[in-house]
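Subject: A structure to look through

Dear colleague,

I am handing over a structure that I would like you to open and read alongside this message. Please look at it first, and then go through the notes that follow.

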Amino acid sequence: MSNEMSGMEGREAHAFDTLIRLALDLRWSWNHSTDDLWQAINPGFWKLTHNPWVLLQSASPEKLRSVMTDPSIQTLLTKLLEEQKSLEAPAWFQTEYPNSPLTSVAYFSMEYMLSEALPIYSGGLGNVAGDQLKAASDLGAPVVAIGLLYQQGYFRQRITADGKQQALYPYNEPGQLPIVQVRKENGEWLRLAIQLPGSRLWIRVWQVQVGRNRLYLLDTNVPANEAAARGITSQLYGGDEELRLQQELVLGIAGWQLLRALNLDPEICHLNEGHAAFAVLERARCWMKDHGKDFDLALTVTRSGNLFTTHTAVSAGFDRFPPELMAKYFRQYAENDLGISLQSLLALGKLNPNDDQEPFNMAYLALRGSGSVNGVSRLHGEVSRVLFQPLFPRWPQQEVPIQYVTNGVHVPNWDSEHSDQLWTDSCGKERWREMPSTLEETMRKVKDADLWQMRTSARKSLVEETRMHFARQLAGQGAPDEEIAAGKCIFDPDVFTIGFARRFATYKRPNLLLHDPERLLRILTNSRFPVQLILAGKAHPHDLAGQAMIQQWCHFMRRPEARAHVVLLADYDMRKAESLIQGVDLWINTPRRPWEACGTSGMKVLVNGGLNISVLDGWWAEAYAPEVGWAIGDGEQHGDDPAWDAVDANTLYSLLEHEIVPAFYRRDEHGIPCAWIAKMRESMARLTPRFSANRAVREYTENHYLPAAKMYRERAEKDGALAEQLRGWSRQLEQHWTGLRFGALKVEVEKDFLFFTVHVYFGELDPNTVRVELYAEAAAAGGEPVHQEMQREQLLVGSVNGYAYSTTIPAGRSADDYTPRILPHKEGAAVPLEAGQILWRR
């Protein structure tokens, strides 16, 4: 920007510096107070790009001077500077936890959806990462994020006239992205180096300002690297398994090295999916180096500060790498840097460490290297416990150590201008940061007319955006002029509008609505209750079945009867998503349960007054109630049974025909659909705060980050003294567990109680290393199992290390329901994550 700054001195230079700071802080992507500023510089370019950094670079010095001398812009700049300065004030985290043991959370993710100006995302995983990073800024949670800068990012989509998807890979020119290169104090590039087979890989670093927090992006496109190495960060989810391994190696190992280079020492390492699991190894290696200890002890210390969030609902979704590929990249790292054998390293990612052919599972490494693990919805927590059950043999499924934190969306990022004004008028400007307890009740008092006006305005904006995009799409396909002209007039802003947009994959069933095309046509073309449908979504370039479903929809929408009622918009991205979720009346989601881990697209419509109809999967399984939307299915799992697809399709059609569409068109004397508004109001009030990223980040902070930071500090102090004790305990269990056995069991009944006594022989094992308890499964579905600790009594006669254990329990159930068991126990240990032994008396 030096050319633009030439000739600018004093006040002008200061104002220009302010513009640069504002343009490089992605807070503008959700705090729209800067929009007027960018529009004043170049309204057309701003509308096309929504990238203030490019906009500044493209403007002439004369134009910038003209804008900055405008009194209204000067007033706006003063206000924006005050807003930026307010970020230095204490936020929720600093106010609630002023003496917290938590100083920093390192958040690792393969992708981040922050803005279309920084296209380094694919979909749901990046959406969650980006929204949580923004919410962390709002709340003052001390998060530093690590990712990759992709030269091409995820593919861009073109759809041909006959409905075929084409994948395009435009180049991400770093100079046009709102990022700055990280330099050392002396002005040199900050470069990292890691060893690859036969060569050293150089990595440069870029910084993204996200409000209070920073995202650092690693980039291998460095001239000093060989051509193949420069392409490691070329594409998101592209290439073969070796390229994926290289990317994950850069993310995890170089990512942790970057934190060290920045003099950051976070207590928490949060792995957003297993892609970054190699950070577990590098964090332990760094602790080893600092304290002169071995890898096993270092992992015992650092594990307690690692959190693994899994987003995968099927085991096939875990990244796996062949043992020979792992050996190629990790043999020297294991032996020379970690001081362990390659076999020991590979064992961390295997179910059976003795199986030389078993692939290395990144999710297994992430779990074994973490002190806490969570799924991303209540149902996904249950599904994940099934997926990881093999790592915890003989443990009941409900005790597989995986909790859940349901995802949420960053509400200020997704609300429309109309919605934002309505919420501000009702609940105040700081509502999403403060989350007052009165938020729900306050929204219930909003007038029907105000809610309906908000929806009408948002739908009108969506129709206008759809016409623009669709006409441009038709022109790109070479459509006749009359067809393009019709595209510019498609849809009616007063007609009921449905949205369906997501990745086109078979398990998401994007063609469920097409199960009976003629019935769908009748719903769309009903003369009394017309319906218009907007679809969007990409299929992975290698997913031919997903691409076929896109083509199926394209063929359907070309039918003369459907043309005025259905649009499939190409190249679904963040900006199209904003337009869709802000304007639709109904959002449809049709995955096969339980394959949608959470899903967040339906959450985004909540703040804007859109309603949901969805399969009871992911977040909707815990959100649904008849007062807030509609449900498809019976809440059970049916796999990919075509017969059940037919059942779900019939349910969807019937609800649209008999309940949903008529309710939208049933109006009072003022033209307001009162029953529809009632459901809409309840959905907004009850669900919007509950499924916000604000709530999710608070939950992570209070239930995971803070306890884990405390535990990490305790294990790390005094060169790992507590960790050494834990390691001694663990080794004793491993050495002597097989000598542990049960003896006689006696049950007595007296009045309303059962008295249990069981004999336990410990062999060489210290009885203080375990817990003996009485266990019973839950008496009813949804109930809690019984865990009753048994008390150690007298030493058994004639035994060296055998004891009687007893307990009393109410006699509400049969004694046969209860089973004594023994499990590892030590204060401060995560069982069964760190000690998975268990012994049942059978």
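Please keep in mind that this is a predicted model. I begin with a salt bridge between arginine 444 and glutamate 441, whose closest N and O atoms are 2.6 Å apart. Arginine 444 counts as partly exposed, at 25% relative accessibility, and glutamate 441 is partly exposed too, with a value of 45%. Both residues belong to a network of salt bridges that links Glu440, Glu441, Arg444, Glu627, Glu682 and Arg686.

In the whole structure, the search finds 50 salt bridges. One of them joins lysine 328 to glutamate 242, with 2.8 Å between the closest N and O atoms, and this pair links distant parts of the chain, since lysine 328 sits in helix α14 and glutamate 242 in helix α11, 86 residues apart. Lysine 328 is partly exposed at 46% relative accessibility, and glutamate 242 is partly exposed at 23%.

Turning to the strands, you will find an open sheet of six, in the order β17-β16-β15-β18-β19-β20, with parallel pairing. Its edge strands are β17 (566-569) and β20 (629-632), each of which pairs on one side only. Within the sheet, β18 (residues 586-589) and β19 (residues 611-615) pair over four bridges in the parallel sense, and isoleucine 588 stands opposite isoleucine 613 in β19. Helix α29 (residues 642-665) lies across β15, β16, β18, β19 and β20, and runs at about 165° to β20.

An antiparallel pairing occurs between β25 (residues 791-795) and β26 (residues 802-810), over three bridges. These two strands form a hairpin with six residues between them, and glycine 798 in the turn has a positive phi of about 80°.

Finally, helix α9 (residues 124-139) packs against helix α31 (residues 693-736) at an angle of about 75°, with axes 9 Å apart, which means that α9 is roughly perpendicular to α31. By class, their contact has six nonpolar, two polar and two charged residues.

How values were computed
Residues numbered from 1 in each chain as written. Predicted model: local features only at pLDDT ≥ 70, side-chain atom pairs only at ≥ 80, totals over all residues. Heavy atoms only, no water. Pairing = 2+ DSSP bridges. Axes fitted to C-alpha atoms, helices over the stretch in contact; angles between N-to-C directions. Parallel < 35°, antiparallel > 145°, perpendicular 65-115°, else oblique. Nonpolar A, V, L, I, M, F, W, Y, C, P; charged D, E, K, R; others polar. Contact = heavy atoms within 4.5 Å. Salt bridge = Lys/Arg side-chain N within 4 Å of Asp/Glu carboxyl O. Buried < 20%, exposed > 50% of the residue type's maximum accessible area, 1.4 Å probe, protein only.
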